[in-house]
Amino acid sequence: MKKRVKEMMRNFTKIKLNLSFMLLASTAIAFGQDLQTGIADKVWEAIGGKDNWQNARYFMFSCIGGGTSSFVQGERKYLWDKQQGYCRFEGISTDDESVIALFNIKTNEGTVYINGEELSNPKTSADVIKEVAAEFERDAYLLFLPTALEGNQVSFTVTGEKLVGSQRFTVVNLKNHKTSFEAAVEGQLYLDAQTGRVLQWQSHDDQNRFAVGGFKDIGGGLVLPTRFTADDTTHNITYPIAAALVNIEAQKFNKP
């Protein structure tokens, strides 16, 4: 009888221990989820709110730098309809020709004008649009980087804190296969946990770590970073123009 009672007590103790471990595990998971939600909320708050971003439709921006491009040189200018995907690109090719591309970033279809003349060869036009679309994704992903937390293909985890120089950051591993600006984004956000601002960015595809700054009120209640300083300064990129617009004339997307 005593042996049976001891066995029952041991089983009871095991059950209590298992329940304790399960409770601790569920508490840790809930805490982690709350932490991630809190960090995401902070990031959105820092740029003016998720609602303001989702309600904004038209953007005008230009950028300089970002390394050597095989297609364009100098400043690139864009008008972008975030809702429909229409985009107007203006720039100077490496052959010193004026390029205007009117296309859709969701379909990569459109028309191209070189020195004011429409390209008549469909294959050449398609090749140029492919180059321009890739340029748009490279230029858009830094300006709109904080918004990469949006979408049903995004995943992110708060990995902890890291001291870089004299600054302490909250580090977030981020992966988004398809952002609103069509680019895939994967890397580490270094955040100020108090303000939610992205202060550094390390892409998984690029050895350069960017210091993020130049935060600007672009309208519509949104504040975005406009200056990215790389470890290799030849990859520095700035956005002289960055604005959210209420309206854009429709002809901007279909006439040079």
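How many cavities of 30 Å³ or more does a search of the whole structure find? The search finds one, and the tour ends there.

**Before selecting anything**

This is a predicted model, in which local features need pLDDT of at least 70, side-chain atom pairs count only at pLDDT 80 or more, and totals for chains, interfaces and linings use all residues. Residues are numbered from 1 along each chain as its sequence is written, and side-chain values use heavy atoms, with hydrogens and water left out.

**The whole chain**

Colour the chain by pLDDT, the predictor's confidence in each residue, from 0 to 100. The mean is 87, with 86% of the residues at 70 or more. Select residues 19–35 next: here the pLDDT is below 50, and the stretch has one contact (heavy atoms within 4.5 Å) in the model beyond near neighbours in sequence. Where pLDDT is low, the predicted coordinates should not be read in detail.

Switch to a cartoon view to display three helices and 15 strands; these are DSSP runs numbered from the N terminus, helices being H or I of at least four residues and strands E of at least two. Of the 256 residues, 40% are buried, where buried means under 20% relative accessible area with a 1.4 Å probe, protein chains only.

**Ser-93**

Select Ser-93, in strand β3 (residues 86–93). Ser-93 counts as buried because its relative accessibility is 6%. Apart from neighbours within four places in sequence, its contacts are Phe-71, Val-72, Gln-73 and Val-99.

Move to β4 (residues 98–104) and β5 (residues 109–114), an antiparallel pair joined by six bridges; strands pair if DSSP finds at least two bridges between them. Ala-101 has Val-112 in β5 as its bridge partner. Four residues separate the two strands of this hairpin, and Asn-108 takes a positive phi near 60°.

Continue to β6 (residues 117–118), which pairs with β5 in the antiparallel sense over two bridges. Ile-114 stands opposite Glu-117 in β6. The hairpin of β5 and β6 has two residues between the strands, and Asn-115 in the turn has a positive phi of about 50°.

**The cavity**

Finally, select Val-43, Ala-46, Ile-47, Pro-146, Gly-196, Arg-197, Val-198, Phe-215, Val-223 and Pro-225, which line the largest cavity. A cavity is a set of points, on a 1 Å grid over the protein atoms alone, where a 1.4 Å probe fits but cannot get out; lining residues have an atom within 4 Å of a point. The largest cavity holds about 60 Å³ of space.

Conventions: Buried < 20%, exposed > 50% of the residue type's maximum accessible area, 1.4 Å probe, protein only. 1 Å grid on protein atoms, 1.4 Å probe; cavity = no way out; pocket = protein on both sides within 12 Å on 5 of 7 lines; lining within 4 Å. Points joined across faces, edges and corners; volume = space filled by probe spheres on them.
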